[in-house]
Amino acid sequence: MIDDYGSEPHTDHYRALHGASAFISDMHLGTKGCRGAALVQFLRHLDVDNLYLVGDIIDLQRMAQSMNWSDSHTQAMREIFRLAASGVNVTYIPGNHDAHLRAFAGTEFGGVKIRLNTIHTTRDGRRLLVTHGDQFDGQLRIGSLKERFGSAAYQWLLDMDAGINRVRQRLGYQQVSVTASLKMRFDSARQYIREFERTAANDARKRGLDGIVCGHIHKPAIMTIDGVGYFNDGDWVEHGTALMERNDGMLELTKW
């Protein structure tokens with residue numbers, strides 16, 4: 001049984017983001033689609049004890065083909081190291097697009113700890129697996145989202161989104177995501193997301209944990225699946241979302 005609770009992100013505009021922990025993933029720094037300026041502002045307003053970078057932070061995979069690194073991407077990295085230097089416990093869990101960094105698991109760079117995955121205990125005592133989520137693709141019957149949606153078409157839409165949003169930003173309009181709305185029109189994409197969510201929650205259950213925090217599929221969500229918490233922090237390409245743990249241990253999605 002799947003119970004959806006509070007999965008619609010609330011929007012934050014330039015206010016301090018206080019809390020126990022923040023979870024963000026799928027920034028895809030080094031690509032056209034990364035919402036770098038918004039990401040920098042989010043990080044500058046962050047006031048937490050723990051920051052988890054849940055994979056696909058630097059898109060080394062895409063950069064090997066075509067690099068689009070802007071000043072805002074550099075500023076985002078500087079903000080992450082600033083937070084680490086200020087005493088925030090920063091943990092970087094590489095994903096499939098920055099998988100080369102998995103070779104450095106167990107090390108620390110500039111105060112940022114690199115781990116394959118970790119267990120986070122919330123303020124109210126729940127134990128959550130924190131992992132990117134690409135490892136679940138091999139367990140699904142229908143292949144990855146890019147395989148179902150079409151890798152080339154997906155990247156083309158992301159690049160188109162970036163161009164549209166540059167124009168909208170100049171005109172003072174909010175950013176939109178054609179990719180996010182269009183892909184949910186495909187039955188295969190919706191089926192993949194549902195199976196991914198169930199597989200991820202089942203993995204946490206097998207480990208005897210209360211839930212899982214992941215990214216990977218660019219679909220922010222908070223729900224309970226057969227008694228296990230499923231928390232997806234979304235992305236900074238299509239949605240601009242993060243998962244925040246409040247000081248009382250409750251988890252909520254925020255959209256910047």
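In helix H1 (residues 36-44), the buried residues are Gly 36, Leu 39, Val 40, Phe 42 and Leu 43. This is a predicted model: local features need pLDDT of at least 70, side-chain atom pairs count only at pLDDT 80 or more, and totals for chains, interfaces and linings use all residues. Residues are numbered from 1 along each chain as its sequence is written, and side-chain values use heavy atoms, without hydrogens and water.

Q: Why is Asn 232 called buried?
A: Its relative accessible area is 0%. Buried means under 20%, exposed over 50%, partly exposed in between (1.4 Å probe, protein chains only). Therefore Asn 232 is buried.

Q: What is Asn 232 in contact with, leaving aside neighbours within four places in sequence?
A: Among its partners are Phe 196, Cys 214, Gly 215 and Leu 253. Contact means heavy atoms within 4.5 Å.

Q: Why does His 28 count as buried?
A: Its relative accessibility is 6%, so His 28 counts as buried. His 28 is in the loop between strand S4 (21-24) and H1.

Q: What makes the phi of His 216 worth a look?
A: Most residues other than glycine have a negative phi. His 216 is not a glycine, yet its phi is positive, about 75°. At 14% relative accessibility, His 216 also counts as buried.

Note on methods. Helix = DSSP H or I, 4+ residues; strand = E, 2+ residues; numbered from the N terminus.
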